[in-house]
Amino acid sequence: MAKELPTRKEDYSLWYNELVKKADLAEHSDVRGCMVIKPYGYSIWEKMQQALDKMFKDTGHSNAYFPLFVPKSLFEAEEKNAEGFAKECAIVTHYRLKTDPQNKGKLIVDPEAKLDEELVVRPTSEAIIWSTYKKWIQSYRDLPILVNQWANVVRWEMRTRLFLRTAEFLWQEGHTAHSTADEAVKETVQMLDVYADFAENFMALPVVKGRKSEGERFPGAVDTYCIEAMMQDGKALQAGTSHFLGQNFAKAFDVQFTNKEGKLGYVWGTSWGVSTRLMGALIMAHSDDDGLVLPPKLAPIHVVIVPIFRTDEELAKISEKAQEIAAALRKQGFAVKFDNRDTHKPGFKFAEWELKGVPVRLAIGPRDMEAGTVEVARRDTKEKQVMRLDEVVEKIPALLDDIQTTIYARARTFRSEVTTEVNSYEEFKQVLNEKGGFLAAHWDGTPETEAAIKEETKATIRCIPLDAKEEAGACIYSGKPSTRRVLFARAY
RNA sequence: CGGGGCGUAGCGCAGCCCGGUAGCGCGCCACGUUCGGGACGUGGAGGUCGUAGGUUCGAAUCCUGUCGCCCCGACCA
């Protein structure tokens with residue numbers, strides 16, 4: 001049992017918060033709603049970044065960087081986008097402080113230093129980027145533009161939670177410009193596939209690919225695609241979005257190009273992003289009451305070696321063997337930690353590395369040295385087995401693969417257990433309250449029905465799955481005809 | 001923005017109702033014994049009690065203001 005970690009059953013929300021803090025992932029900062037991402041947490045984010053960045057580059061994208069500040073006049077150019085974010089924008093109005101004549105040693109905003117035009121701290125970068133693209137694009141020869149940026153954004157949320165919703169967060173945002181609608185739609189879908197691929201294969205997180213309903217669409221987008229994941233408490237989490245922007249931003253910023261036929265037209269756009277919220281998804285999808293469970297592909301440390309010793313002589317002997325194993329594993333690209341601290345006992349170390357979610361732990365003691373064995377413990381199932389010292393190195397890659405597969409399978413099984421087809425509003429409400437999870441139900445396609453269900457049950461349409469099969473049915477709320485089921489859930 | 005809670009040692013908290021100059025657990029430091037699932041003993045260091053003012057001989061405690069954070073809700077690309 002992790003020291004003082006509450007259980008998921010007792011209080012899921014508290015469990016999550018305490019886990020984030022106790023596993024050294026992040027903590028609250030002195031600024032409301034903002035967090036400090038600690039080195040261990042940041043190293044997981046870096047692994048995510050590396051994997052995603054490679055996938056972006058493999059699909060032809062390049063990184064660039066645009067400013068944090070957006071002049072208000074640019075920000076308001078795309079009306080729907082501006083409206084959608086207006087309520088949560090931080091604004092810079094002044095550019096200088098001065099010493100307070102009334103109060104020595106204190107600073108006040110210098111009223112003389114008021115900006116002529118306020119600057120919006122970006123909640124998203126479409127505005128500043130499309131105003132730039134206007135300068136970059138004249139001809140079809142300038143297209144497509146395939147750019148991504150890794151950045152921070154600020155959204156002044158009323159209520160925040162570590163990683164899941166913070167006032168400032170880290171993300172990547174891809175912004176592409178194309179000469180045809182068809183090409184832009186393909187890009188949108190391609191990036192959705194990249195996200196799904198990343199979630200499933202790196203995070204071991206099964207996701208549903210789908211489109212958002214009109215009510216949940218990104219402001220300024222024509223169509224929003226998303227991947228939706230299921231957490232252990234039966235609530236859904238939007239893990240990534242990819243938007244087909246149509247010509248909305250091109251029109252707002254007057255981005256036109258001449259095509260092969262010499263005709264002038266507006267450029268087609270996409271944008272897509274995932275954020276540090278993925279950290280929250282990773283934690284909530286796999287971890288248990290003993291702490292984090294990390295998929296090997298994103299674990300900062302794959303294998304920890306804990307020596308069990310009484311004397312320096314014993315430690316020296318074990319160290320030699322441990323370093324040998326560590327070196328052999330590192331050569332294969334694995335991150336290995338040899339925890340030779342003599343300030344903590346083995347039991348403490350076991351608990352600590354479990355809390356931090358290290359996938360595989362090796363314990364080597366005098367008995368092992370004598371017998372030529374090593375105890376191998378896997379974090380996901382807590383199973384232990386004894387292996388021969390001379391074959392442990394060759395067995396570990398397969399073990400790590402198995403852990404990756406096992407936690408994915410476990411999450412997938414859980415998701416299917418909490419996904420229910422419901423056929424009436426009564427059944428909908430009952431299942432939602434007793435079991436939670438995804439509810440596959442018929443919907444008449446109107447925003448009114450969606451809003452009414454949300455109002456009455458707090459469940460929203462997470463997405464219209466791309467693979468939803470055509471099936472005649474009746475809307476659970478209005479009884480009107482429907483051609484496919486959509487996924488409802490309570491969500492983060 | 002509504003409701004609730006909390007600011008006292010690095011962390012978690014008690015003390016506050018009933019004012020008398022601050023305590024517990026963990027952690028930290030030293031030494032010794034321990035070490036195969038979160039060790040134990042002994043000794044030690046560490047706090048202008050969020051902040052400003054008021055009442056009082058005396059304030060962590062009572063009063064007023066103020067700042068901040070967290071949780072629940074509403075909201076949420």
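This is a predicted model: local features need pLDDT of at least 70, side-chain atom pairs count only at pLDDT 80 or more; totals for chains, interfaces and linings use all residues.

H10 itself runs over residues 346-355, and its buried residues are Lys349, Phe350, Trp353, Glu354 and Leu355. Just after H10 comes Gly357, with a positive phi of about 75°.

Next, a helix pair. H13 covers residues 425-434 and H14 covers 447-457; their axes come within 12 Å and cross at roughly 45°. That angle is why H13 counts as oblique to H14. The crossing of the two helices is right-handed. Which residues meet there? From H13 there are Tyr425, Phe428, Lys429 and Leu432, and from H14 there are Ile453, Glu456 and Thr457. By type, the contact of H13 with H14 has 4 nonpolar residues, 1 polar and 2 charged.

Last, the cysteines. How many disulfides does the structure hold? The count is 0. Take Cys34, which is in no disulfide: the nearest cysteine sulfur belongs to Cys89 and is 15 Å away. A disulfide needs the two sulfur atoms within 2.5 Å. Cys34 has a relative accessible area of 16%, so Cys34 is buried. Cys475 is in no disulfide either; the nearest cysteine sulfur is that of Cys463, 17 Å away. Is Cys475 buried or exposed? Its relative accessibility is 4%, so Cys475 counts as buried.

Definitions and conventions: Residues are numbered from 1 along each chain as its sequence is written. Chains are lettered from A and ligands numbered from 1 in the order in which they are written. Side-chain values use heavy atoms; hydrogens and water are left out. Axes are lines fitted to C-alpha atoms, for helices over the stretch in contact, and angles run from 0 to 180 degrees between N-to-C directions. Helices (H or I, at least four residues) and strands (E, at least two) are DSSP runs, numbered from the N terminus. Angles under 35 degrees count as roughly parallel, over 145 as roughly antiparallel, 65 to 115 as roughly perpendicular and the rest as oblique. A crossing is left-handed if the near helix is turned anticlockwise from the far one by less than a right angle, and right-handed if clockwise. Contact means heavy atoms within 4.5 Å. Ala, Val, Leu, Ile, Met, Phe, Trp, Tyr, Cys and Pro count as nonpolar, Asp, Glu, Lys and Arg as charged, and the others, Gly among them, as polar. Buried means under 20% relative accessible area, exposed over 50%, partly exposed in between (1.4 Å probe, protein chains only).
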